[in-house]
There are 2 protein chains.
Amino acid sequence: MTPLQLFKCLADDTRLKSVLLINQLEEVCVCDLMEALALEQPKVSRHLAELRKCNIVQGERRGQWVYYQLHPQLPTWASAIINETVSNNQGYIADALAKLKTMKQQFSSC
Amino acid sequence: MTPLQLFKCLADDTRLKSVLLINQLEEVCVCDLMEALALEQPKVSRHLAELRKCNIVQGERRGQWVYYQLHPQLPTWASAIINETVSNNQGYIADALAKLKTMKQQFSSC
DNA sequence: TTCGAATATCCGAATTATCATATATGTGAA
DNA sequence: TTCACATATATGATAATTCGGATATTCGAA
């Protein structure tokens, strides 16, 4: 993966938040992201597809749901960048993260 | 500066290379970048203007030329990302960097 | 006036959003 | 089991928007 590819993927609000949330939570499903970001399903799905195409995330179907995680072969420098971004911009995903966490408590899943 | 702003700025070949080169060389003028990247002056200038607007770089006129450097108030996490990118993707700017260095040796400036 | 640099504008190309539809999985009833 | 249906996700097509490139013009300094 080239740095340009990575930055292009992260240069969109939906994709950036998705990546940062996935990075924080280890794995999330599409419906989680829909709720957390208050977005329509096709929109989330489309942006995840782009992230998949660049090997930034990896989707795995388990029954009804598809769970996304960071791609296991993500270069170290790329995940360093993601971590650096999260830890210094917690406000950027704070709302979504809070919503996700209360969701997880109330219902076992979507 | 928000992370989204930063990534949008870095999501373009000209801008990304310019930032990485400026990071490596401390400061460069527009004509340096034109030569190194083999681009027209207006193109370089326009992208630098975008980087200036986001406070990623800073331009300073000294006589005829305008010299650019990373913005002194660039957040630490942002410059960490830039450094992480450079040190793990040297090939991406190797050509431009080599051209710049031989230029600097042959002529004192543009 | 001349040269380096910045800005304005227009146009074409690439992105994104939206709607509709397709596929995959799970559930429950016949 | 098998069929119908509900839910979750993906994808296709098209409209709307944004973005980048080329050219011309303007600005600033020598």
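A: The crossing of α2(B) and α3(B) is right-handed, where right-handed describes a near helix turned clockwise from the far one, and left-handed one turned anticlockwise, by less than a right angle. This is a predicted model, in which local features need pLDDT of at least 70 and side-chain atom pairs count only at pLDDT 80 or more, while totals for chains, interfaces and linings use all residues. Residues are numbered from 1 along each chain as its sequence is written, and chains are lettered from A and ligands numbered from 1 in the order in which they are written.

Helix α2 of chain B, residues 13-25, packs against α3(B) at an angle of about 120°, and their axes are 11 Å apart (axes are lines fitted to C-alpha atoms, for helices over the stretch in contact, and angles run from 0 to 180 degrees between N-to-C directions). Helices here are DSSP runs of H or I with at least four residues, strands are runs of E with at least two, and both are numbered from the N terminus. From α2(B) the contact draws on B:Thr14, B:Lys17, B:Ser18 and B:Leu21, and from α3(B) on B:Leu33, B:Ala36 and B:Leu37, two residues being in contact if their C-beta atoms, placed from the backbone, lie within 7 Å. By class, the residues of this contact are 4 nonpolar, 2 polar and 1 charged (Ala, Val, Leu, Ile, Met, Phe, Trp, Tyr, Cys and Pro count as nonpolar, Asp, Glu, Lys and Arg as charged, and the others, Gly among them, as polar).

Helix α3 (30-37) of chain B also takes part in the surface near DNA strand C, to which α4 (41-53) and β3 (65-70) of chain B and α4 (41-53) of chain A likewise each supply at least two residues. A residue counts as near the strand if its C-beta atom, placed from the backbone, lies within 6 Å of it. In total, 21 residues surround DNA strand C, and the closest are A:Gly63, B:Cys31, B:Pro42, B:Trp65 and B:Val66. With 6 residues, α4(B) gives the most to this surface, which by class has 9 nonpolar, 6 polar and 6 charged residues.

The two protein chains also meet, in a contact that takes 17 residues from chain A and 17 residues from chain B. On the chain A side, α1 (3-10), α2 (13-25) and α5 (76-88) each supply at least two residues, and the largest share, 6 residues, comes from α5(A). That side has 10 nonpolar, 4 polar and 3 charged residues.

Helix α5 of chain A contains A:Glu84, which touches B:Trp77, B:Ala80 and B:Ile81, not counting residues up to four places away in sequence. A:Glu84 is partly exposed because 18 other C-beta atoms lie within 10 Å (a residue is buried with 20 or more other C-beta atoms within 10 Å of its own, exposed with 12 or fewer, and partly exposed in between, the C-beta atoms being placed from the backbone). In α1(A), 6 of the 8 residues are buried, so this helix is largely enclosed by the rest of the structure; the buried residues are A:Pro3, A:Leu6, A:Phe7, A:Lys8, A:Cys9 and A:Leu10.

Chain A as a whole has 6 helices and 3 strands, and buried residues make up 31% of its 110 residues.
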